[in-house]
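Here is a short briefing for a reader meeting this structure for the first time. Look over the fold, then take the points below topic by topic.

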Amino acid sequence: MPLRLQPRGAGTKSAAASAAPPAASSSSSTALTAEATAAAPSPHACSTPPSPPPAPRDPAAGPKPLLRWDEVPDDFVECFILSGYRRLPCTAQECVASVLKPTNETLNFWTHFIPLLLFLNKFCRLFFLSGRDDLPFHHPWLLPLWCYASGVLLTFAMSCTAHVFSCLSLRLRAAFFYLDYASISYYGFGSTVAYYYYLLPGLSLLDASVMTPYLQQQLGWHVDCTRLIAAYRALVLPVAFVLAVACTVACCKSRSDWCTYPFALRTFVFVMPLSMACPIMLESWLFDLRGENPTLFVHFYRRYFWLVVAAFFNVSKIPERIQPGLFDIIGHSHQLFHIFTFLSIYDQMHYVEEGLRQFLEAPPSSPTFLGTVGYMILLVVCLGLVIRKFLNVSDLCKED
């Protein structure tokens with residue numbers, strides 16, 4: 001067992017025994033023996049039998065104490081978090097029980113488990129209790145919403161799983177966080193699918209009959225936007241697919257020792273798929289999006305405000321950077337990161353639902369199974385192959 005994993009005091013006795021000096025002489029040894037014999041009580045001097053020595057305590061019988069940063073492997077150490085670490089390895093039962101104990105992972109779990117329940121309730125009402133009798137939950141028009149819902153729920157569920165069971169073993173810890181990165185990429189692509197069918201068709205920016213005269217008026221010369229817009233529509237999902245796979249690869253590689261700033265890299269990498277929402281931002285700059293779709297305008301920009309705040313805490317490691325050890329259990333940056341990412345997805349849910357409502361009023365085209373669920377299944381296969389490749393690498397990497 002590595003020295004970092006040994007409990008304190010392990011090996012002390014053997015070290016002391018090996019370092020003990022030899023006997024000075026046979027005479028002194030004889031004298032000590034005689035003295036010990038004289039001092040020892042006679043077996044008939046006392047009628048009370050000696051008490052048996054206490055049985056050694058089984059360390060697995062009681063709860064395992066929490067550890068400090070210098071008592072756990074380096075892959076477990078979080079920046080500026082000094083205490084509250086669980087012992088490695090833990091059993092699955094101990095991992096589950098730890099969500100009710102004050103560890104530095106407890107609120108990491110609850111700040112995504114509670115949102116998971118909220119979104120699960122929201123999607124159940126949206127699919128099954130919406131009152132649309134003429135539109136069952138398996139209708140093709142709802143396929144993009146299924147893709148989006150699976151991404152949201154999988155992201156929160158995988159984050160909870162990674163934070164709870166990360167102390168089973170080093171290999172499983174890496175596997176869970178690889179799956180966590182993959183679920184975020186899956187969610188990002190599911191969001192793009194929902195945008196593609198529910199939001200983008202309603203934008204003037206992607207309407208050639210609007211953009212062609214607009215550019216002619218602004219630039220003074222005729223520009224036919226039909227082919228350009230058609231090319232964008234044809235490429236947006238394949239490009240988002242490639243970005244999802246590339247982001248997962250980059251985040252998995254960030255757990256290796258060569259990566260000096262893994263948190264900054266992961267934050268930057270997951271910002272890349274958000275570029276798929278650029279048409280909405282351009283729409284607000286070029287046209288009156290606030291007046292035409294106030295729900296989209298307000299919730300879209302508020303969502304990106306929450307994302308900026310979440311990225312700030314994830315990269316800066318504030319407040320624990322300012323006072324290491326004070327926020328080990330409550331209030332450290334990863335918990336704040338979880339809270340603000342939840343708020344951003346909550347705002348996103350509002351304008352995706354509004355886009356669905358407008359889509360159902362006048363659907364421009366019916367989503368296909370291959371163009372929605374087919375893409376998601378193919379992405380799962382690709383992300384699974386990526387994770388399998390990294391798990392086969394013996395170089396286990398840094399903590400999230």
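The protein chain holds 14 helices and zero strands. This is a predicted model. Read from the N terminus, its elements run α-α-α-α-α-α-α-α-α-α-α-α-α-α.

**Overall fold**

- The protein chain has 400 residues, and 42% of them count as buried.

**The annotated histidines**

- Which residues does the UniProt annotation "binding site" cover? The unreviewed entry lists His163, His334 and His338.
- These residues span 176 residues in sequence, yet no two of their C-alpha atoms are more than 11.8 Å apart, so they gather at one spot.
- His163, His334 and His338 also belong to the lining of the largest pocket.

**His334**

- His334 sits in helix 13, which covers residues 333-361.
- Is His334 buried or exposed? Its relative accessibility is 6%, so His334 counts as buried. The cut-off for buried is under 20%.
- The side chains of His334 and His163 are joined by a polar contact of 3.3 Å.

**His338**

- Helix 13 is also the place of His338.
- His338 has a relative accessible area of 2%, so this residue is buried.
- What does His338 touch, leaving out residues up to four places away in sequence? Its contacts are Asn108, Thr111, His112, Ser159 and His163.
- Asn108 also takes part through its backbone: the backbone oxygen lies 3.0 Å from a polar atom of the side chain of His338.

**The largest pocket**

- How much volume does the largest pocket have? The value is about 780 Å³.
- The lining counts 39 residues, and the closest to the centre of the pocket are Ile184, Phe270, Leu307, Phe337 and Thr341.
- Five elements are listed as giving two or more residues to the lining: helix 5 (143-164), helix 6 (170-199), helix 9 (262-271), helix 12 (294-316) and helix 13.
- Which helix gives the largest share of the lining? Helix 6 does, with nine residues.
- By type, the lining divides into 20 nonpolar, 15 polar and four charged residues.

**Ser185 in helix 6**

- Ser185 is placed in helix 6, the helix with the largest share of the pocket lining.
- At 4% relative accessibility, Ser185 counts as buried.
- Setting aside neighbours within four places in sequence, Ser185 is in contact with Ala244, Cys247, Thr248, Phe270 and Leu379.
- One of these partners, Phe270, is also listed among the residues closest to the centre of the largest pocket.

**The loop between helix 2 and helix 3**

- Where is Pro89 found? Pro89 lies in the loop between helix 2 (26-39) and helix 3 (92-97).
- The peptide bond from Leu88 to Pro89 is cis, and its omega is near -5°.
- Phe80 has its place in the loop between helix 2 and helix 3 too.
- Phe80 is not a glycine, although its phi is positive, at about 70°.
- Phe80 counts as partly exposed, at 29% relative accessibility.

**The loop between helix 12 and helix 13**

- Pro319 is in the loop between helix 12 and helix 13.
- A cis peptide bond joins Ile318 and Pro319, with omega about 20°.
- Lys317 lies in the loop between helix 12 and helix 13 as well.
- Is Lys317 buried or exposed? Lys317 counts as buried, at 4% relative accessibility.

**To take away**

- The fold has 14 helices and zero strands.
- Cis peptide bonds join Leu88 to Pro89 and Ile318 to Pro319.

Key. Residues are numbered from 1 along each chain as its sequence is written. This is a predicted model: local features need pLDDT of at least 70, side-chain atom pairs count only at pLDDT 80 or more; totals for chains, interfaces and linings use all residues. Side-chain values use heavy atoms; hydrogens and water are left out. UniProt positions are given in the numbering used here, feature names are shortened, and annotations may be inferred rather than shown by experiment. On a 1 Å grid over the protein atoms alone, a cavity is a set of points where a 1.4 Å probe fits but cannot get out, and a pocket is an open set with protein on both sides within 12 Å along at least five of seven lines; lining residues have an atom within 4 Å of a point. Helices (H or I, at least four residues) and strands (E, at least two) are DSSP runs, numbered from the N terminus. Buried means under 20% relative accessible area, exposed over 50%, partly exposed in between (1.4 Å probe, protein chains only). A polar contact is a pair of N or O atoms within 3.5 Å; within protein, one must be able to donate a hydrogen and the other to accept it, and residues adjacent in sequence count only if both atoms are side-chain atoms. Contact means heavy atoms within 4.5 Å. Grid points are joined across faces, edges and corners, and a volume is the space filled by probe spheres set on the points. Ala, Val, Leu, Ile, Met, Phe, Trp, Tyr, Cys and Pro count as nonpolar, Asp, Glu, Lys and Arg as charged, and the others, Gly among them, as polar.
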